[in-house]
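Trainee: Could you take me through the salt bridges of this model, with close attention to where the partners sit and how exposed they are?

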Amino acid sequence: MVDKKSTADKVKDTINERVVDPAKKAGEAMQSSGKKLAEGSSAVGLKMLDQAEANTREAFAAMRAAAGAKDLSEVMKIQGDFLRDQGSRSMTQAREIGDLIMQFGKDAVAPLRGKN
C-alpha cells in the first residue's frame with residue numbers, strides 16, 4: 001500500500017511540475033501582458049488628447065493673431081508660420097506616439113518572454 005501511495009504522489013508531483021505549474025505561469029504572464037497592454041493603450045490615448053489640445057490652442061492663437069493683423073500680408077505670414085510650425089509639431093507628435101506604442105508593445109510582451 002505504501003508503494004501505491006508513493007507512486008500516486010510521484011505522479012501527482014510530476015503532473016503539477018509539468019502541466020499545472022507551467023499552465024499557471026502562462027496564465028499569470030498572459031494576465032500581466034494584458035494589464036500592460038491596457039495601461040499602454042490608456043497612455044497613448046491620453047497623449048493623443050494632450051496633443052490635440054496643444055494643436056487646438058496653437059490654432060486659436062494663430063486665428064487671434066490673424067484677426068488682429070493690419071493687412072493681408074501679415075495674415076499670410078501668420079498663416080504660413082502656423083502651417084510650418086504645425087507641420088513640425090505633427091512630425092514630433094507622430095514620433096512621440098510611435099515611441100509610446102513601441103515601448104508599451106515591448107512592455108506587454110516582456111511577461112510572455114519571462115521578463116517582468
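Mentor: In this predicted model, the side chains of E58 and R89 meet in a salt bridge, with 3.9 Å from N to O. The pair links distant parts of the chain, since E58 belongs to helix α1 and R89 to helix α2 (residues 72-109), 31 residues apart. E58 is partly exposed, with a relative accessible area of 38%, whereas R89, with a relative accessible area of 17%, is buried, because buried means under 20%.

Another salt bridge is formed by R57 and E53, whose closest N and O atoms are 3.3 Å apart. R57 and E53 are four residues apart in helix α1, which means that about one helical turn separates them. E53 is partly exposed, its relative accessible area being 47%.

In helix α2, D81 and R84 are three residues apart, so about one helical turn lies between them, and they form a salt bridge in which the closest N and O atoms are 2.9 Å apart. D81 counts as partly exposed at 22% relative accessibility, while R84 is exposed, with a relative accessible area of 53%. Salt bridges that share partners join K77, D81 and R84 into one network. The count of salt bridges comes to five.

Apart from these pairs, there is a patch of negative charge on the surface, where D9, D13, E17 and D21 gather.

Terms used
Residues are numbered from 1 along each chain as its sequence is written. This is a predicted model: local features need pLDDT of at least 70, side-chain atom pairs count only at pLDDT 80 or more; totals for chains, interfaces and linings use all residues. Side-chain values use heavy atoms; hydrogens and water are left out. Patches are made of residues with over 30% relative accessible area and no salt bridge: like charges are joined within 9 Å, nonpolar side chains (Val, Leu, Ile, Met, Phe, Trp, Tyr) within 5 Å. Accessible areas come from the Shrake-Rupley method with a 1.4 Å probe; for residues, only the protein chains shown count as cover. A salt bridge is a side-chain nitrogen of Lys or Arg within 4 Å of a carboxyl oxygen of Asp or Glu. Lys and Arg count as positive and Asp and Glu as negative; His and the chain ends are not counted. The place of a charge is taken as NZ of Lys, CZ of Arg, CG of Asp or CD of Glu. Helices (H or I, at least four residues) and strands (E, at least two) are DSSP runs, numbered from the N terminus. Buried means under 20% relative accessible area, exposed over 50%, partly exposed in between (1.4 Å probe, protein chains only).
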